[in-house]
Amino acid sequence: MLDPVRLMLLCELADRGTMTAVAAACGYTSSAVSQQLAVLEREAGVALLERDGRRVKLTHEGRRLVAHARIVLSALETAERDLRSADVPRGPIDVACFSTFASVHVVPALAAARERYHELGIRLHELEPPEGISALRARRCEVAVCYSYNLTPSPPPEELTVHPLVTEPILVALPTDPSGILQVERGRADRQGITLDRLTDAEWIVGSREGGSTALIRRACALAGFAPQITHAVDNYELVLRMVAHGLGVALVPLLAAEAYGLAPGVTLCEISDVELTRSIFALTHTLSGTRPAVDAVLNLLGSTN
């Protein structure tokens with residue numbers, strides 16, 4: 001019998017065109033994707049792929065199997081929804097989420113779920129949005145909590161359903177006494193805000209992902225008329241705030257990060273007055289699984305903690 005996971009990989013190859021793209025989307029290595037499709041060929045008893053230069057493409061039989069596979073995978077999704085269609089949320093459900101939202105919102109949701117839904121088991125996986133989306137598409141989780149910045153939006157894949165959760169401001173974290181940059185009162189956020197052009201000479205601490213906060217800082221500073229001097233690449237906001245407190249640079253910090261880790265002594269968070277910076281946080285689900293009671297329960301719990 002043909003394996004549904006391998007059929008899913010074949011469909012992904014038909015949609016994405018390369019083994020590398022399939023691997024990135026589904027959380028596999030390119031070698032693992034190739035091996036799984038080779039096994040599928042042996043199971044099918046016909047050639048499904050053929051060389052096309054340095055790539056592979058589907059044969060006529062491969063395209064025929066993709067058409068059948070889409071029907072089979074859709075039927076399996078329908079069967080799963082039907083079996084889980086009872087009013088009482090039950091069974092294990094896996095949630096992928098980045099650390100700051102998990103700390104402030106998912107942990108209370110897990111505690112509430114134990115009290116409210118005795119047959120529902122939620123398993124948390126700490127993953128950044130790209131990895132969370134890959135896990136969701138590969139069916140390794142049912143809900144992925146992700147985010148997108150207003151200046152550098154990243155639309156989710158079309159086959160996923162978006163459930164908005166919260167939109168938060170992005171603040172700038174400064175040393176309390178950043179000589180030559182800004183003088184502010186210790187431990188107090190400047191509610192009047194500052195303009196980014198006051199930080200043209202500052203050293204910036206950014207995330208290590210070029211497509212994440214790094215791109216946001218480059219875009220925001222470009223709108224303010226300068227290129228940022230990027231010195232450090234750090235993903236952990238607790239470490240970022242500690243570095244800022246020691247005068248090692250300035251950084252853009254979502255409000256949620258300050259709520260998760262607290263404001264370190266020697267750090268001031270200021271609003272930005274000349275460029276609007278926000279981060280939208282949302283949950284993603286598969287379109288076909290969005291009505292499962294367990295999924296709905298998780299979405300309700302996440303929404304109620306905001």
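Trainee: How much space lies in the largest pocket?

Mentor: About 650 Å³. Keep in mind that this is a predicted model.

Trainee: Noted! Which residues lie nearest the centre of that pocket?

Mentor: Glu128, Pro129, Tyr147, Arg209 and Gly212 do, out of 36 residues that line the largest pocket.

Trainee: And how does the lining split by class?

Mentor: The lining of the largest pocket has 20 nonpolar residues, 11 polar ones and 5 charged ones.

Trainee: Which elements supply at least two residues of that lining?

Mentor: Quite a list. The helices are helix 5 (99-116), helix 6 (129-137), helix 7 (210-223) and helix 8 (237-245). The strands are strand 5 (143-149), strand 7 (203-206), strand 9 (251-254) and strand 11 (278-286).

Trainee: What lines the largest cavity?

Mentor: Val95, Val106, Ala109, Leu110, Ile122, Val298, Leu301 and Leu302. Helix 5 and helix 10 (293-304) are the elements that give two or more residues to that lining. By class, the lining has 8 nonpolar residues, with no polar and no charged ones.

Trainee: And which residues line the second largest cavity?

Mentor: Tyr149, Ile170, Ser213, Leu216, Tyr237, Leu252, Val253 and Pro254. Helix 7 and strand 9 are the elements that give two or more residues there, and strand 9 provides the largest share, 3 residues. The classes come to 7 nonpolar, 1 polar and no charged residues.

Trainee: New topic: His286. Is it buried or exposed?

Mentor: His286 counts as buried because its relative accessible area is 8%, under the 20% limit.

Trainee: Which polar partners does the side chain of His286 have?

Mentor: A polar atom of the His286 side chain lies 2.4 Å from the backbone oxygen of Leu136. The His286 side chain also makes a polar contact with the side chain of Arg139, at 3.4 Å.

Trainee: Which other residues is His286 in contact with?

Mentor: Leaving aside neighbours within four places in sequence, the contacts of His286 are Leu136, Arg137, Arg139, Glu159, Leu160 and Thr161.

Trainee: Where is the place of Arg139?

Mentor: In the loop between helix 6 and strand 5. Arg139 has a positive phi of about 65 degrees although it is not a glycine. Arg139 counts as partly exposed because its relative accessibility is 44%, which falls between the 20% and 50% limits.

Trainee: Can we hop to helix 2? Which of its residues are buried?

Mentor: In helix 2 (residues 19-26), Met19, Val22, Ala23, Ala25 and Cys26 are buried. Among the elements that cover those buried residues are helix 1 (4-16), helix 3 (30-44), strand 1 (49-52), strand 2 (55-58) and helix 6. Just after helix 2, Gly27 takes a positive phi of about 80 degrees.

Trainee: What does Val33 touch?

Mentor: Not counting residues up to four places away in sequence, Val33 touches Met19, Val22, Ala23 and Tyr28. Val33 sits in helix 3 and is buried, with a relative accessible area of 0%. From C-alpha to C-alpha, Val33 and Thr20 are 8.6 Å apart in space, and they are 13 residues apart in sequence.

Trainee: Last thing, the overall picture. How many helices and strands does the chain have?

Mentor: The chain has 10 helices and 11 strands. Of its 306 residues, 46% are buried. Among contacts between residues at least 6 apart in sequence, 75% join residues at least 24 apart.

Terms used. Residues numbered from 1 in each chain as written. Predicted model: local features only at pLDDT ≥ 70, side-chain atom pairs only at ≥ 80, totals over all residues. Heavy atoms only, no water. 1 Å grid on protein atoms, 1.4 Å probe; cavity = no way out; pocket = protein on both sides within 12 Å on 5 of 7 lines; lining within 4 Å. Points joined across faces, edges and corners; volume = space filled by probe spheres on them. Helix = DSSP H or I, 4+ residues; strand = E, 2+ residues; numbered from the N terminus. Nonpolar A, V, L, I, M, F, W, Y, C, P; charged D, E, K, R; others polar. Buried < 20%, exposed > 50% of the residue type's maximum accessible area, 1.4 Å probe, protein only. Polar contact = N/O pair within 3.5 Å; in protein donor to acceptor, adjacent residues only side chain to side chain. Contact = heavy atoms within 4.5 Å.
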